[in-house]
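Please look over the sequence and the structure shown below before reading on.

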Amino acid sequence: MGLFNLGVSAIELAPIAPDGDVGTTFAALGKTQEGTTKLNFGDATITELKVEESSVAADSYAEPGEKTVEFTVADPDLDTLASVFGGTKSGTGAAAKFSAPSGSVTIERSLKITPNKGMIWTFPRVSITAKFTTDVGKTTWVGVVVTAKVLEPTKSGVAAWSVTLKP
């Protein structure tokens, strides 16, 4: 029988393990805005190899489509900004400040999505990019849209993603 997957209990990032395996010290970036979590598994690109003597392909091969995970952190703090944009956080309390990096940075982490019910998704290596939501107003909040592009793990024999059943 199939399994229903509902809701988001937590979305967490961890430093990738030194050996290239999935990280183990996961931490949430904040609360996830309702309805923003997306698993985008792109369509495969199929290349057909043809011969002159036939109109039907003699062979073909498929390359997997791009895989990304996207979600919006509804309540980012300065630590969240440093985690997803790079840059630095300095000071404490009212004197705390986030300073954006001067150039582009590469942020690679392990990612885990735990649902309220269903399967836990784990991605050993993703590349993180972030941007702010565009709406600022009385009935909206400024959140951070995080996009995680799934990359091939650097450790041999580790899958690019896996799912386990939530206990």
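Leaving aside its neighbours within four places in sequence, which residues is threonine 114 in contact with?

## Threonine 114 in strand β9

The model discussed here is predicted. Threonine 114 belongs to strand β9, and, setting aside neighbours within four places in sequence, threonine 114 is in contact with Val8, Ser9, Ala10, Glu12, Ile120 and Lys166. With a relative accessibility of 12%, threonine 114 counts as buried.

## The nonpolar core

The largest nonpolar core contains 22 residues, and those with the most contacts inside it are Phe71, Leu111, Phe123, Ile128 and Val146. At least two residues of this core come from each of β1 (10-14), β6 (67-73), α1 (78-85), β9 (107-114), β10 (119-132) and β11 (144-150).

## Aromatic rings

The model has six aromatic pairs by the rule applied here. In one of them, the rings of tryptophan 121 and tryptophan 161 have centres 5.5 Å apart and planes at 25 degrees, and because planes under 30 degrees apart count as stacked, this pair is stacked. Tryptophan 121 lies in strand β10, while tryptophan 161 lies in the loop between β11 and β12 (162-165), so the pair ties together parts that are 40 residues apart in sequence.

The two tryptophans can also be described by their accessibility: tryptophan 121 counts as buried at 17% relative accessibility, whereas tryptophan 161, with a relative accessible area of 32%, is partly exposed. One aromatic cluster is formed by Phe41, Trp121, Phe123 and Trp161. Elsewhere, the charged end of lysine 112 sits over the ring of phenylalanine 26, at 4.7 Å from the centre of that ring.

## Helix α1

Which residues of α1 are buried? They are Thr80, Leu81, Val84 and Phe85, and, seen down the axis of α1, the buried residues fall within an arc of 100 degrees, so they line one face of the helix. The elements that cover the buried residues of α1 include β6, β8 (97-99), β9, β10 and β11.

The two ends of the helix can be described as well. At the start of α1, a side-chain oxygen of aspartate 77 comes to within 3.2 Å of the backbone nitrogen of aspartate 79, and α1 is followed by glycine 86, which has a positive phi near 85 degrees.

## Two loop residues

Threonine 133 is located in the loop between β10 and β11.

Alanine 57 lies in the loop between β4 (45-49) and β5 (59-63), and alanine 57 is partly exposed, with a relative accessible area of 29%. Again leaving aside neighbours within four places in sequence, alanine 57 is in contact with Glu48, Leu49 and Lys50. Alanine 57 and phenylalanine 123 are 66 residues apart along the chain, and their C-alpha atoms are separated by 35 Å.

Key
Residues numbered from 1 in each chain as written. Predicted model: local features only at pLDDT ≥ 70, side-chain atom pairs only at ≥ 80, totals over all residues. Heavy atoms only, no water. Core = buried A, V, L, I, M, F, W, Y, C linked by side-chain atoms within 4.5 Å. Buried < 20%, exposed > 50% of the residue type's maximum accessible area, 1.4 Å probe, protein only. Helix = DSSP H or I, 4+ residues; strand = E, 2+ residues; numbered from the N terminus. Phe/Tyr/Trp six-rings, centres within 6.5 Å; stacked < 30°, edge-to-face > 60°. Lys NZ or Arg CZ within 6 Å of the ring centre and 35° of its normal. Contact = heavy atoms within 4.5 Å. Arc of directions from axis to C-beta. Polar contact = N/O pair within 3.5 Å; in protein donor to acceptor, adjacent residues only side chain to side chain.
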